Amino acid sequence: AGILADTPGSARSIAALGMVELNAGRLPAALPLLERAATLLPDAADVHAAHGRALVEQAERAPAAAGAYDRAAGVLARALELDPQHVPAAVLLAAVE
């Protein structure tokens with residue numbers, strides 16, 4: 001997180017930066033940011049959904065990685081616990097289960 005301190009406001013900044021990196025296809029940069037944001041914002045469905053998406057993309061790039069899809073499914077399930085109407089998380093979860 002570097003210059004971003006561990007405060008609720010910067011947690012959202014970390015999440016936003018992670019989402020920008022993910023959308024730009026820079027998974028190695030996105031994944032640690034989204035993981036950190038999910039830790040700092042445990043009740044944010046959108047952050048968990050983005051983290052889950054990043055984990056799915058990681059699993060697709062390295063399908064032999066043990067438990068990669070299971071980890072993604074767990075994160076996406078958490079997003080749906082927080083917001084049962086979160087369609088992107090539901091679609092991704094259905095795809096990995």
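The structure is a predicted model, in which local features need pLDDT of at least 70, side-chain atom pairs count only at pLDDT 80 or more, and totals for chains, interfaces and linings use all residues. Residues are numbered from 1 along each chain as its sequence is written, and side-chain values use heavy atoms, with hydrogens and water left out. The protein has five helices and zero strands; helices (H or I, at least four residues) and strands (E, at least two) are DSSP runs, numbered from the N terminus.

**Overall composition**

- From the N terminus on, the order of elements is α-α-α-α-α.
- Of the 97 residues in the protein, 39% are buried, where buried means under 20% relative accessible area, exposed over 50%, and partly exposed in between (1.4 Å probe, protein chains only).
- Among contacts in the protein with a separation of 6 or more, 47% come from residues 24 or more positions apart; contact means heavy atoms within 4.5 Å.

**Helix 3 against helix 4**

- Helix 3 (residues 45–61) packs on helix 4 (residues 68–82) at an angle of about 165°, and their axes are 8 Å apart. Axes are lines fitted to C-alpha atoms, for helices over the stretch in contact, and angles run from 0 to 180 degrees between N-to-C directions.
- That angle makes helix 3 roughly antiparallel to helix 4. Angles under 35 degrees count as roughly parallel, over 145 as roughly antiparallel, 65 to 115 as roughly perpendicular and the rest as oblique.
- Ala, Val, Leu, Ile, Met, Phe, Trp, Tyr, Cys and Pro count as nonpolar, Asp, Glu, Lys and Arg as charged, and the others, Gly among them, as polar.
- Ala68, in helix 4, is buried at a relative accessible area of 15%. Its C-alpha atom is separated by 7.1 Å from that of Leu55, 13 residues apart along the chain.

**Helix 4 against helix 5**

- Helix 4 and helix 5 pack at about 150°, with axes 9 Å apart, and are therefore roughly antiparallel to each other.
- Their crossing is left-handed.
- Tyr69, Ala73, Leu76, Ala77, Ala79 and Leu80 in helix 4 meet Ala89, Ala90, Leu92, Leu93 and Val96 in helix 5. This contact of helix 4 with helix 5 has 11 nonpolar, no polar and no charged residues.
- Ala94 belongs to helix 5 and counts as exposed at 53% relative accessibility.

**Nonpolar cores**

- The largest nonpolar core holds 19 residues, of which Leu22, Leu34, Ala54, Leu76, Ala89, Leu93 and Val96 touch the most other members. A nonpolar core is a set of buried Ala, Val, Leu, Ile, Met, Phe, Trp, Tyr and Cys residues joined through side-chain atoms within 4.5 Å.
- Helix 2 (27–40), helix 3, helix 4 and helix 5 (87–96) each supply at least two residues of this core, and helix 4 gives the most, with six residues.
- A second, separate core of nine residues includes Ala11, Ala15, Ala37 and Ala44.
- Leaving aside neighbours within four places in sequence, Ala54 is in contact with Leu22, Leu27, Leu31 and Leu34.

Definitions and conventions
Left-handed = near helix turned anticlockwise from the far one by under 90°.
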